[in-house]
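Good morning, and thank you for making time on the agenda. Please have the sequence and the structure before you as I speak.

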Amino acid sequence: MPPGSLNYGEAEFRRIRELGGGPLEVPEDLRRVLDGIGYLHDWRDAYRVQSVKASLHSEKITCIDSAILAYGLLELLFGDVKRRLLAIHRRDPVSGEEVGHCVALHWNDAGKVGSFAKSNYDGLGHRDAVFDDETAIAASYAQTYLKMGFQPLYFGVTTLEECAPDIDWRYSPDELNILSARIQEHYEYSFMLAT
């Protein structure tokens, strides 16, 4: 196995190569891997958070699966890249429904922040590494929510090592729904909206 392979096997590296469709030389190349997996549009019917390994072999994944997968692949393929998870919560003012969105953040050599994301909404996907910090990139997602008619509520940033040190988020075949709650425990900033 390649250096930094942790405990992933040949099946995982084969799947990464298949989805990547070419060399993965810089973190932004992970977009091809994530975009090669479909989005699970009917996630409400059978909500199930998956590990890196399980998501990698899935045909469809959710936003949180994509964030965990990108977070794990950054560790596997680009071990020294700073990475975090950003979770954002919003409300639909018509129905009152509240839903979260989760993305994986990464920093480039210039200290700028970008993200990897999947969504069924245009505008909530990947972000180039052009943002100064986590707050700036969260604001870009909040602005998209506002354009869509949703009310952004709050957000937080964490690592899986911090919020889930006791959970096998890399390899587990089991449902990991507890990760959603653990990540949400790190909501700590409210969006200030002009009225």
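Two strands are said to pair if DSSP finds at least two bridges between them. Helices (H or I, at least four residues) and strands (E, at least two) are themselves DSSP runs, numbered from the N terminus. In the model on the screen, L85 has A104 of β4 as its bridge partner.

Let me state the provenance. This is a predicted model, in which local features need pLDDT of at least 70 and side-chain atom pairs count only at pLDDT 80 or more, while totals for chains, interfaces and linings use all residues. Residues are numbered from 1 along each chain as its sequence is written, and side-chain values use heavy atoms, with hydrogens and water left out.

I turn to the sheet as a whole. It is an open sheet of 6 strands in the order β6-β5-β4-β3-β7-β8, with antiparallel pairing. Its edge strands, each pairing on one side only, are β6 (127-131) and β8 (189-190).

Within that order, strand β3 (residues 83-91) pairs with β4 in the antiparallel sense over 9 bridges. Their hairpin has 6 residues between the strands, and there G96 takes a positive phi near 85°.

On to the next pair. Strand β5 (residues 113-116) is joined to β4 by 4 bridges, again in the antiparallel sense.

Strand β4 (residues 98-107) has 8 of its 10 residues buried, so it is largely enclosed by the rest of the structure. In a regular strand the side chains alternate between the two faces of the sheet. In β5 both faces are covered: V113 and S115 on one side, and G114 and F116 on the other, are all buried.

Is R83 buried or exposed? R83 counts as buried because its relative accessibility is 11%. Taking contact as heavy atoms within 4.5 Å, and not counting residues up to four places away in sequence, R83 touches Y71, L74, E75, L105, W107, T159, E161 and W169.

Next, the helix α4 (residues 63-77). The expected span of a helix is 1.5 Å times one less than its number of residues. For the 15 residues of α4 that gives 21 Å, and the end C-alpha atoms are 21 Å apart, which agrees. Of those 15 residues, 14 are buried, so α4 is mostly covered. L69 belongs to α4, and at 0% relative accessibility L69 counts as buried. Leaving out residues up to four places away in sequence, L69 touches L34, I37, V52, S55, L56 and I61.

Finally, the pockets. On a 1 Å grid over the protein atoms alone, a cavity is a set of points where a 1.4 Å probe fits but cannot get out; a pocket is an open set with protein on both sides within 12 Å along at least five of seven lines, and lining residues have an atom within 4 Å of a point. Grid points are joined across faces, edges and corners, and a volume is the space filled by probe spheres set on the points.

The largest pocket has a volume of about 410 Å³. Of its 26 lining residues, W43, C63, V99, G100 and H101 are the closest to its centre. At least two lining residues come from each of α4, β3, β4 and α7 (178-184), and β4 gives the largest share, 5 residues.

The second largest pocket holds about 180 Å³ of space. It is lined by P27, E28, D80, V81, H106, W107, N108 and D109.

Notes. Buried < 20%, exposed > 50% of the residue type's maximum accessible area, 1.4 Å probe, protein only.
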